[in-house]
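Please look over the structure below before reading the briefing. The notes that follow are grouped by topic.

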Amino acid sequence: MLFNSYEFILAFLPLTFSLYFYLNRLKLIQGAQVFLALASLFFYSWWNIEYLPLIVFSVIINYQISHLINKLSIKKALLVFGVIFNLLLLGYFKYSDFFLQNINLAYDTKYSLLYLTLPLAISFFTFQQIAFLVDSFRGYVKRTSFLNYFVFVTFFPQLIAGPIVHHKEMMPQFLIKKNKFFNFKNIYLGLFIFSIGLFKKTIIADTFAIWATNGFDILSHLNLIEAWVTSLSYTFQLYFDFSGYTDMALGAALLFNIKLPKNFNSPYKSTNIRDFWKNWHLTLSRFLRDYIYIPLGGNKNGNVKMYNNLFITFLIGGLWHGAAWTFIFWGALHGLAIILFRLWCKTGIVLNNVLAWFITFNFINISWIFFRAENWEDALKVIKGMFGFSGVLFPSFLNKIPFLANNNAIFGEVFSNFNGDTEILLWLFGALCLCLCFKNSNQLLISQKPNNKAIIFIVFLLLISLMNLDKNADFIYFNF
Amino acid sequence: MIIYKHYLKRLLILFFVLLVCILCMNYLVDPYGYNVRNGKFIKNLTMFNKPHVTNARVNSKGYYYLIGSSRMARINPLEIEKMTGMKTHNIKIDGATLIENTMLATEVKIRDKYFIYSFDVFSSNQNRQQYEEIKNRVSIYKNEMSNNKIFGKFFNSDITIRTLQHLIKKLKNEKLDKQHLEENDRLSSFSLDQMSIESGVLSNREKANFSNFTVYSDELINKLAKLGNKNDIFIIFPKYAPYYALFSKHQDIEQKYFSAVRTLVNNTEAQVWSFYGNNVITQNLNNFIDNGWHFKPKVGKKIFEEIFTTNHKKLDFSSGVLLTKSNLESYLIDISSEIEDTR
């Protein structure tokens, strides 16, 4: 079920919310948790019930392994088994075709592809459970009931696309007694951040999606301005889509008195690539740091090893997003950028903030092209266009500039391939201002005090967003 | 905590009151004429290409559904309702291909309703189907048609803006059929050269409607034909006569199209009306606008009067022919030779 759908906003969420608290009010605490788990499974299987047994199976097996790790002495063997089990599951559904394609290409074989549908949220619940097993092995996990574990993994606000929650921050919250009762403050704040997220998704991200899709998937050739419009549109689409989703997840969870970790902190304000990763998809960065980078050795064994570990971590981060070389390349680009940044820091040269921001933002913008493109050809099409290799078309009003006119510049309708939408420029400028000059939703949430202005703001966002739900577009991170 | 409770109450009340108000306003004004076409602006009834509006119309109560390309924008569904007494919706798509039109006709038939289908020459050009923009549009309409949005029908930003515009226009006393009146009064002036170049009949222009004219397969046309029963109508709308000479002269468009017409007529139970060739409508320059590409709305009205009237003597002119399996061949030979004579 999509957060940005009528069925979720007008039926599922209010019904689940009401029944959950009603059961708690009747002192049916366990019943309420069972209900929440069932509601989450219903939410999960709304699209495709086919993969429901898979998630249930995965949760049962992981819980049992963690239980045995706590109980038996063969802890390491159990951990290895558990991690392999999770990786095989993820690998089979997500990477088998990618693997077969590459085998066919490398050895000129003709293994037929499996064309499996990717089970929703598999990347998220796999990572979440691997973390749980590793922490069980480390002895950080207290004994918990199966029901509590089940709700931790399947709790619907974070199930489909994160944030990738940690058992330490989630499981205790489900056990706190006061969380079982209505909390008007949390409901108010939940609605506040949910409405911001819904607005980000339906109004901003879905508008940019039209131009990004046009440039990446429909047009076969992009001139300079079209290529920049395409890449920037995707840069903003991705941010507003994913941070919008996260805001909605945070808001929906808050209604149930559960605080999810924040996932974004104005990443496009970053003036270097390290800052960017400290503010973008925070829970994934945290997972990669704690469960990949540090186990690889982190920064303990000298600089060369540390750079190596960083690069491997980013490659895995790229691969986690999708089974394609473009994702791996995207991860490699970021890994290299982080290493270069560390080397740069050693020189002691400090760049001007504006220049540093400009370089960082453009690097991110260009690297997203490989993240978005369906294949290398599409990525190169956009890159070539951005650097003027596919022609430069100037807007007609510039033909009065003698320098351009005398140098055989071509003038014309710059946005004709984008349905003449000159408003694109306004949207891009507006989005950039929103990213750079305003508080982000988490900062707004902290400073939020209820008053008439605030409720008008929330109602406005909710109504405008609801009126645009008919697009019913998927969230980008549903695919990962 | 009390302050949060207080403002939360206010928030929810304000939200639901506004939601209900907007929903009721849109439902009562109904600018796109989902429920009633009377008293609606012609621009909203016929001129927009919006998948969500098409979907809402197909899922609204109706008898006839007007399917076609921009020529259908010159048809006022209200006029057809007056002639037939049957609820009529316009679901045309500007520049529609046979694929899109067949998809819409299928959707109409799934719901046990009837179509009036413009079987146009340029919609039959399969070559247009290769462009990504058109492929993309087909899939957008297909996706849209797969959803029956009950709540969103009268609660979306587009219908709310249209409702407000409708109310403002009413306050300003704007004529309901302003756009059609303007087109009727527009000066008809265009040259044969312009027509040849811009239409693409010379295959000289990428993405022009008639460039590399290749008609869709018989299988596809046959599938369309089989959708129709005796209450459905196919219409071959008129173009300015010199076009027919161009079709006869270049790329063998005429014969390719006639072959499609043969497949249609021989395989359908629906009525097929043709206004093709040299006749009272097509030979009058003043009946056309946009390089002779579109007939004026007043002509559209006459075409439907001719189709729906039971007493043809009352009409001041007659130019359409109801094609049947028995008169088809002689009709095609006759109009072809007439066009040949005027080339």
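Two strands count as paired if DSSP finds at least two bridges between them. Helices (H or I, at least four residues) and strands (E, at least two) are DSSP runs, numbered from the N terminus. With these terms, strand E5 (residues 271-274) of chain B is joined to E8(B) by three bridges, and the two run antiparallel.

This is a predicted model, in which local features need pLDDT of at least 70 and side-chain atom pairs count only at pLDDT 80 or more, while totals for chains, interfaces and linings use all residues. Residues are numbered from 1 along each chain as its sequence is written, chains are lettered from A and ligands numbered from 1 in the order in which they are written, and side-chain values use heavy atoms, with hydrogens and water left out.

**The sheet in chain B**

- Strands of a sheet pair through backbone hydrogen bonds, either parallel or antiparallel.
- In chain B, six strands make an open sheet with mixed pairing, in the order E2-E1-E3-E4-E5-E8.
- Strand E2 (88-90) and strand E8 (321-323) of chain B are at the edges and have a single partner strand each, so one side of each has no neighbour in the sheet.
- On average, neighbouring strands of this sheet are turned by 20° against each other, direction ignored (axes are lines fitted to C-alpha atoms, for helices over the stretch in contact, and angles run from 0 to 180 degrees between N-to-C directions).
- Opposite B:Ser274 stands B:Val321, in E8(B).

**Domains of chain A**

- Chain A is split into domain 1 (6-182), domain 2 (187-270 + 378-479) and domain 3 (272-350); such bounds come from an automatic or database domain assignment.
- Between domain 1 and domain 2 of chain A, the C-alpha centres are 31 Å apart.
- Domain 1 of chain A gives 30 residues to the contact and domain 2 of chain A gives 25 residues, where contact means heavy atoms within 4.5 Å.

**Aromatic pairs**

- Rings of Phe, Tyr and Trp (its six-membered ring) pair if their centres lie within 6.5 Å; planes under 30 degrees apart count as stacked, over 60 as edge-to-face and the rest as tilted.
- Over all chains, a search of the whole structure finds 92 aromatic pairs.
- One of them is the tilted pair of A:Phe3 and A:Phe43, with 5.9 Å from centre to centre and 35° between the planes.
- A:Phe3 is in the segment before helix H1 (6-25) of chain A and A:Phe43 is in helix H2 (residues 29-45) of chain A, so the pair links distant parts of the chain, 40 residues apart.
- A:Phe3 is buried at 1% relative accessible area, and A:Phe43 is buried at 0%; buried means under 20% relative accessible area, exposed over 50%, and partly exposed in between (1.4 Å probe, protein chains only).
- A:Tyr239 and A:Trp280 also form a tilted pair, because their ring centres are 6.3 Å apart and their planes are at 35°.
- A:Tyr239 belongs to helix H10 (residues 224-255) of chain A, and A:Trp280 to the loop between helix H11 (273-279) and helix H12 (282-296) of chain A, so this pair ties together parts 41 residues apart in sequence.
- Relative accessibility is 6% for A:Tyr239, which counts as buried, and 1% for A:Trp280, which is buried as well.

**Charges over rings in chain B**

- A charge sits over a ring if NZ of Lys or CZ of Arg is within 6 Å of the ring centre and within 35 degrees of the ring normal.
- B:Arg71 lies over the face of B:Trp293, 5.3 Å from the ring centre.
- B:Lys169 lies over the face of B:Phe41, 5.1 Å from the ring centre.

**Buried parts**

- In helix H6 (residues 146-154) of chain A, eight of the nine residues are buried, so the helix is largely enclosed by the rest of the structure.
- Among the elements that the buried residues of H6(A) pack against are helix H3 (52-71) and helix H5 (122-138) of chain A.
- In helix H3 (residues 51-58) of chain B, eight of the eight residues are buried, so this helix too is largely enclosed by the rest of the structure.
- The cover of the buried residues of H3(B) includes helix H2 (42-47) and strand E1 (64-67) of chain B.
- B:Lys239, in the loop between strand E4 (233-236) and helix H11 (242-249) of chain B, is buried at 1% relative accessibility.
- Leaving aside neighbours within four places in sequence, B:Lys239 has contacts that include B:Arg71, B:Asp120 and B:Trp293.
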